[in-house]
Amino acid sequence: MSGRDEASGAPGRTPGDRPEGAGQPEPSGVDLARVALRAAKEQARARGAAAQQKRQARRGGGLRSGARADGRDPLPLGAAIHRLIAERGWETPAAVGGVMGRWPQIVGDDLANHCVPLRYDEDPDERVLTVQCDSTAWATQLRLLAPQLVARLNADLGPGTVRMIKVLGPGGPQRRFGPLRAPGSTGSGDTYG
């Protein structure tokens with residue numbers, strides 16, 4: 001043996017010869033070198049960060065772009081729009097706008113040919129989709145289908161997005177006032193709605 005005990009790690013000591021009060025063995029030269037190297041790296045990193053901040057302050061401050069991706073890098077148009085919608089909280093209006101664009105696929109071609117979505121009231125208490133039909137018969141048909149349509153829209157957009165569908169009948173011709181009209185008469189507007 002070379003005078004070094006492998007169990008204690010110190011030359012000429014046996015496991016029972018540890019000094020009293022020492023729970024761990026004293027660091028050897030290699031361990032001391034590792035600790036010193038780690039401390040030197042941390043100090044160098046701190047000095048480099050301080051120098052970088054001074055240089056940025058001299059150049060006008062602010063963050064500089066680097067080799068890694070960050071929030072200031074250019075985005076594809078679709079990703080930028082999705083990010084803007086999420087930041088502004090426009091998810092529901094954007095989804096409903098998509099419904100208005102996909103109206104024929106959602107309700108079917110027959111209903112889409114006669115009924116057109118006009119607007120969506122996004123007030124949390126309301127959440128009403130207003131739809132106008134070209135005849136009273138189609139307006140009645142849509143009123144009967146409204147609960148099923150609300151369920152289909154909420155399945156597509158998320159629960160509670162649409163609470164009610166407000167169905168409007170045809171607008172009818174403009175009311176004309178003239179010398180041959182009786183006061184208070186609605187004329188042909190009596191048959192619409």
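I worked from a predicted model, where local features need pLDDT of at least 70, side-chain atom pairs count only at pLDDT 80 or more, and totals for chains, interfaces and linings use all residues. Residues are numbered from 1 along each chain as its sequence is written, and side-chain values use heavy atoms, with hydrogens and water left out.

**Salt bridges.** I took a side-chain nitrogen of Lys or Arg within 4 Å of a carboxyl oxygen of Asp or Glu. That rule gave me three salt bridges.

I found Arg34 paired with Asp31, closest N and O atoms 3.5 Å apart. They sit three residues apart in helix 1 (residues 29–59), so about one helical turn separates them. I called residues buried under 20% relative accessible area, exposed over 50% and partly exposed in between (1.4 Å probe, protein chains only). Arg34 is exposed at 52%; Asp31 is partly exposed at 35%.

Next I looked up Arg83 and Glu87, which meet at 3.3 Å, N to O. They are four residues apart in helix 2. Glu87 is exposed at 56%.

Arg102 lies in the loop between helix 3 (91–101) and helix 4 (103–107), and Asp156 in helix 6 (residues 136–157), so the pair ties together parts 54 residues apart in sequence.

**After helix 2.** I noted Gly89 following helix 2, with a positive phi near 75°.

**Loop.** I placed Glu122 in the loop between strand 1 (115–121) and strand 2 (128–133). Glu122 is partly exposed, at 48% relative accessible area. Helices (H or I, at least four residues) and strands (E, at least two) are DSSP runs, numbered from the N terminus.
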